Amino acid sequence: MKVELLYATLTLAAGLFSLGLLGLLLRRNILLAFLSIELMLNAANLNFLAFSRYHNEPTGAIFVLFGICLAAVEAVIGLGLVVRVFRMHQDLGYTNLSALRW
Amino acid sequence: MVAQLLPLAIGLPLLGAGVLGLGGLWFPGLRSQRNLFGTVATGIVLASFAIFLLTFLNYTAPLQVQAWDWIVIEPMRLSLRFEIDTLSLWMALVVTGIGALIHLYSIGYMAEEAGSWRYFAFLNLFIFSMLVLVLADSLPLLFLGWEGVGACSYFLIGYWFSEEANARAAQKAFIMNRIGDLGLLMGMIWLYAETGTFDIALLKGYIFPADTATGIALLLFLAATGKSAQIPLYTWLPDAMAGPTPVSALIHAATMVTAGVYLVARMDFLFTSTPETLLLVSGIGTATALLAGLIATRQYDIKKILAYSTVSQLGFMFAAAGAGAYMTAIFHVFTHAFFKALLFLGSGSVIHATGTQDIREMGGLRRIMPITGWTFWIGTLAIAGIPPLSGFFSKDEILAALYARGSAGETLYFIFWATLLLVAFLTAFYMGRLTWLTFEGEYRGKGTPHESPTVMTLPLIILGVGSVLVGLLGLPPLIGTSWLREHWLIQSIKEPSLPLLSHTSEAVLLIISVIIATAGLGAAWLLFGRESLSADERLSNQLGSFHELLNAQLRIDRLYEKIFLQPYYVIADFAKDVWTTWIGRGAPQLIAMVFETAGRLFTRMQVGYLPAYVLYLAVAGLLMIVWVLWL
Amino acid sequence: MVKLIALGIFGIAALVGGALAVVLRDPIYAVLSLVKTMIGLAAVYFILGAEYIGAIQVIVYAGAILVTFLFVVMLVNLSPQDIPPLPRGLNLYGPIALSVMWMLTLSLALRSILDLPNPEEVHHMPTDQYLFGTLPPIGKALFTAYAFPFELLSITLIVGLIGASLLVQKRTGV
């Protein structure tokens, strides 16, 4: 039973991660891509917790805690950028965002 | 006591070369002191000769002079060691003795020359290289001397390098020699691979498989044909006349060309063990002798005639060596050194006096310059083989050896013998022609020639005396014992046993030799002694195109150019094209193209579209995980 | 067994939420379906025994971060017409295939390679008694071993705060 819990959790995390990747590849909108990244981040968190439980160690849990905090910071900065981009282009598609390409 | 002096005898010429060369280079003020350089150089070689002479007089057993370890790569241990046995000591005596006389002569000949410091430095270096060559106890050391001789000949033939023809002649000599050198190098390496030693004394005791012996002997013989100007590598020698005349004398008499004969005599054990190679040596020698003798009859340049006569005489030597009569070959080297040095120095004296090399513009010179004339006559008689001059004895010994081999059932040697008889006739003929046209009759040239200074005539007199007398060291069995053969060279050379000739046949051979020589000279006298140049012109007209061919030296050079040079040029052109278009220009362009294409491809990947980058990331990440997990 | 079934239910709920977030065209709905995923994940955390992290997940993720998302969606007035539709053909199936490959690789491959023993055999205690995710061990670790990263994190939060306020400023002097 017990190790199956770990595997089930890992599978769930893999599914969430793949969904996040899919969203990143399919959605042509910064905001929704950002949403997908959150999904992937959560998948990673889930992995950490699964192993933390398996080893009965709080380290993984603390990592998840840090991860959530950083996700909050990231969301704040990222959404700030989204707002900024929207103000510049009145649009959140990718087409205007090729300034980094030489 | 004498043994302690020997390193000095070998080292002095090198020291002399260094002192003279660097002295002339660093103190240009000294260069005007022309006699200084010549005197020092002559003194050095003379001192060296004196030490060798002392060694010779006190000789009891072979001596070794160990300098230092040269190359030590265990288990190969190569010492700089010189072996003084009867053969090498004899050669060293010839080299330094004749060399000293040529040095002395050069003082007078080069008196007007501004760059004589350079000349004498190279002359000394030449002597040193030749000494290393003959005294070496191992093949690599011999090779060192061999290369040194080649390099010095290059320097000296190209002494007047400001004229392109001279520089070309020097290059030709050097390159022709290189071809032979390759043979020596390969033969040497093969020997080492076979036996594990370079030491000639140790090689002597080794019994070679027949094929190996033949292969090595052929390679060594290739080297000998290069250095000693035999077919097919002889064409450099006539061109080597571009150098100052004493240099020609040095190359032809004392050093350089004798190296090939010496090599065969030194490696006698190897050549003896392979009869096929010996036959080839004899054949090549005979063919060369005939070819060069024919060409010599139709030349007008006094030095060219002498050059071809050298090639022809070298052919005699190789014919003897090929009959297994190595001692006879060395004997001829010895006598030839005297009369050929004499002839060349005499021709130098003539050129010095008349300022031309064309015998058509000479004539009657014996009355104007009697010492040169009379000594030149001695040289002519000696090379023609008139008894009792030296050339007679050595040439007769060669013919006797070939006849002996022939009479023992080896028919080919009979043919060689007959051919060489013809060449002996030719020799007497062309030498008679040269001498009569040059020294007898009326003077046909311009200006007023004069006898050369004493410093030039003294060597002529000494060599003239030598040319008369040295033959007595090798008397034929009919008359006495050959001291050189029976008491001296026998100690270091082992000839295969030749069939003995009866006294009758020996006597007949002697008489034939005399008749042939006299006939040659007589024919020359009939034509050129009585009628001088007009007879020569008539002869040319009668011979017609054959004369043209011989005068053009059979167009061998042209042939070589067609066969070897043209394809070489084609290859070189092709290589140049390959280099410039494919490698030189193409390769950088290819590299540029690769990067340009790759750059364009990667540029296309940078679409500036976010999902594309995510795609790259996803694919690459997946590949990485797969790699780590499964591979 | 009960835990496994519960994990399955909430896990599937989370996956469905994620899938909807990827597929739905209306951004409001997408964000809301992601809230659903977060809550599902929080439930998973509870099942795994990490009550504290589960609570934080609900509060911070569902309560704070995704609400900020909603705010932004409304702020920029993003309507469904502004969102381009899902691509078709290769541009749709290619990413799907890639994602499936990732999914298979991460789950099946990891599973087959890891081949871990049961935790009871490692720790010699029943998993019901694990306390790793409760407040006391986390708090203790946070203020002893991880005190320094914790402080750094607080600095990062402040930097992020200031950065965000700078970014969203009206005047574009930067």
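A pocket is an open set of grid points where a 1.4 Å probe fits, with protein on both sides within 12 Å along at least five of seven lines. In this predicted model, the largest pocket has a volume of about 750 Å³. Among the 18 residues lining this pocket, K172(B), I175(B), M176(B), Y560(B) and L565(B) are the closest to its centre. Two elements of chain B, helix 6 (164-195) and helix 25 (556-605), each contribute at least two residues to the lining. The table divides the lining of the largest pocket by residue class.

| Class of lining residue | Number |
|---|---|
| Nonpolar | 11 residues |
| Polar | 2 residues |

Of the area that chain C buries against chain A, 10% is supplied by L48(C), F69(C) and F132(C), more than by any other three residues. The number of salt bridges between chain C and chain A is 0.

T134(C) is located in the loop that runs between helix 5 (119-123) and helix 6 (135-143) of chain C. Its relative accessibility is 19%, and because buried means under 20%, T134(C) counts as buried. Leaving aside residues up to four places away in sequence, T134(C) is in contact with G49(C) and E51(C).

Note on methods: Residues numbered from 1 in each chain as written. Chains lettered and ligands numbered in written order. Predicted model: local features only at pLDDT ≥ 70, side-chain atom pairs only at ≥ 80, totals over all residues. Heavy atoms only, no water. Helix = DSSP H or I, 4+ residues; strand = E, 2+ residues; numbered from the N terminus. Buried < 20%, exposed > 50% of the residue type's maximum accessible area, 1.4 Å probe, protein only. Contact = heavy atoms within 4.5 Å. 1 Å grid on protein atoms, 1.4 Å probe; cavity = no way out; pocket = protein on both sides within 12 Å on 5 of 7 lines; lining within 4 Å. Points joined across faces, edges and corners; volume = space filled by probe spheres on them. Nonpolar A, V, L, I, M, F, W, Y, C, P; charged D, E, K, R; others polar. Buried area = accessible area lost by both parts, 1.4 Å probe. Salt bridge = Lys/Arg side-chain N within 4 Å of Asp/Glu carboxyl O.
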